[in-house]
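Here is a short report on one protein chain. Read it with the sequence and the model side by side.

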Amino acid sequence: MSDSENHISSFPKGINPAFTKKEASSSKLKIDVEELTRNILSGNHTALSRGITLVESTVPRHQELAQQLIEACLPHTNSSIRIGITGVPGVGKSTFIEAFGTYLTTLEKKVAVLAVDPTSSLSHGSILGDKTRMAELSQNKHAFIRPSASGDSLGGVARKTREAIILCEAAGFDTIIIETVGVGQSETVVHSMVDFFLLLKLAGAGDELQGIKRGIIEMADAIIINKADGENEKAAKLAKSAFAKALHLYPPKDSNWRPKVSTCSALKNKDIDTVWSLILEYLTLTTENNYFTTKRAEQNIFWLLQTIEHTLKDDFYNNPKVKKLLPKIRKAISENTLSPFSGAKQLLDL
């Protein structure tokens, strides 16, 4: 099999063959990591997009170049505030992020949005429509929006999001917003890579108290009741009161920060500044008590362990012996002639 065919086979099923052939041919183009690094450090959005595409590639040669790029950009990072935003589908995450990001650019902030799109388990495709949903922000020269397919990573969080954060910081973005798909355990993964974790909720959805999951509430640094406008404004205030009372039942965080509850209307651009004030209050507290620095250090250790796990998993499934035996093991298990545990042991023994 040629290099081009190998590259095509690395694309998810369901992608237009003509597109994969075009991408395969373009993959042969020489990538100058030094030049790409210089362009990223100068704040070039096109170079940043190319860098993230390189990082997300599954082609072995691209992965080697991506590591060189990450190492070159690493000394120019750690100068941003990383904000995770989650909430169930329909809560208005994209509308909120557009309003919030636009507001931050008026404060002369440079905003990068890393939005993770869920990948279909059937077609293996993603819509990647965040630039469409954030039309105004995507046209803002002080903002950068990068939708990424989640692939098969835990909870729909792109495995390469951490590396994308590094590249965005190197490109001069001082505010990194990471949007989760709002389902599964993606919140846990995003929480491990951000400084401030914001949970968006809706009023009148019947989940003011019964819908509070201990894990997600313990992770949240702020709960924002969105769509607090018109006839829904009264319900939003009631929801705010209910959440505020419930939060007092939880023990204090290691950061000594008491999570706050607020309301806003992203659609009407109302009280968006209040959300930023909460984040600044949190930053002041955690910087003074050194929790901010401690948490960043813990995140780096977590990233180390996660990278080891992902690398071991990739090496396992790319092992020629495993590739050859796995289909036979799967067939035997589906026919009930072999237990999953025995099958796993046979593969691991390789």
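## Helix H9

In this predicted model, helix H9 spans residues 161-170 and is mostly covered, with 10 of its 10 residues buried.

## The chain as a whole

The protein chain holds 16 helices and seven strands. It has 350 residues, of which 44% count as buried.

Take the contacts between residues at least 6 apart in sequence: 73% of them join residues at least 24 apart.

## H3 against H5

Helix H3 covers residues 33-41, and helix H5 covers residues 60-73. The two pack at an angle of about 40°, and their axes lie 10 Å apart. That angle makes H3 oblique to H5. The crossing of H3 past H5 is right-handed.

Which residues meet here? H3 supplies Val33, Leu36, Thr37 and Ile40. H5 supplies Leu65, Gln68, Leu69, Ala72 and Cys73. Sorted by class, the contact has seven nonpolar residues, two polar ones and no charged ones. An α-helix has 3.6 residues a turn, so residues three or four places apart point the same way.

Ala47 sits in helix H4, residues 45-56. Is Ala47 buried or exposed? Its relative accessibility is 4%, so Ala47 counts as buried.

Leave aside the neighbours of Ala47 within four places in sequence. The contacts of Ala47 are then Leu36, Asn39 and Ile40. Leu36 and Ile40 also belong to the H3 residues that meet H5. Ala47 and Leu36 are 11 residues apart in sequence, and their C-alpha atoms are 6.2 Å apart in space.

## Cysteines

How many disulfides does a search of the whole structure find? The search returns zero. A disulfide is a covalent bond between the sulfur atoms of two cysteines.

Cys73 and Cys264 can still be described by their cover. Cys73 has a relative accessible area of 0%, so Cys73 is buried. Cys264 is buried as well, with a relative accessible area of 1%. Cys73 is also one of the H5 residues that meet H3.

## Thr105 in H6

Thr105 is found in helix H6, which runs over residues 93-106. The relative accessible area of Thr105 is 10%, so Thr105 is buried.

Which residues does Thr105 touch, once its neighbours within four places in sequence are left aside? Thr105 is in contact with Val111, Asn140 and His142.

## H15 against H16

Helix H15 takes in residues 320-334, and helix H16 takes in residues 340-349. They pack at an angle of about 170°, with axes 10 Å apart. H15 and H16 are therefore roughly antiparallel to each other.

On the H15 side, the contact is made by Val322, Leu325, Leu326, Ile329 and Ile333. On the H16 side, it is made by Pro340, Gly343, Gln346 and Leu347. The residues of this contact divide into seven nonpolar, two polar and no charged.

Note on methods:
Residues are numbered from 1 along each chain as its sequence is written. This is a predicted model: local features need pLDDT of at least 70, side-chain atom pairs count only at pLDDT 80 or more; totals for chains, interfaces and linings use all residues. Side-chain values use heavy atoms; hydrogens and water are left out. Axes are lines fitted to C-alpha atoms, for helices over the stretch in contact, and angles run from 0 to 180 degrees between N-to-C directions. Helices (H or I, at least four residues) and strands (E, at least two) are DSSP runs, numbered from the N terminus. Angles under 35 degrees count as roughly parallel, over 145 as roughly antiparallel, 65 to 115 as roughly perpendicular and the rest as oblique. A crossing is left-handed if the near helix is turned anticlockwise from the far one by less than a right angle, and right-handed if clockwise. Contact means heavy atoms within 4.5 Å. Ala, Val, Leu, Ile, Met, Phe, Trp, Tyr, Cys and Pro count as nonpolar, Asp, Glu, Lys and Arg as charged, and the others, Gly among them, as polar. A disulfide is a pair of cysteine sulfur atoms within 2.5 Å. Buried means under 20% relative accessible area, exposed over 50%, partly exposed in between (1.4 Å probe, protein chains only).
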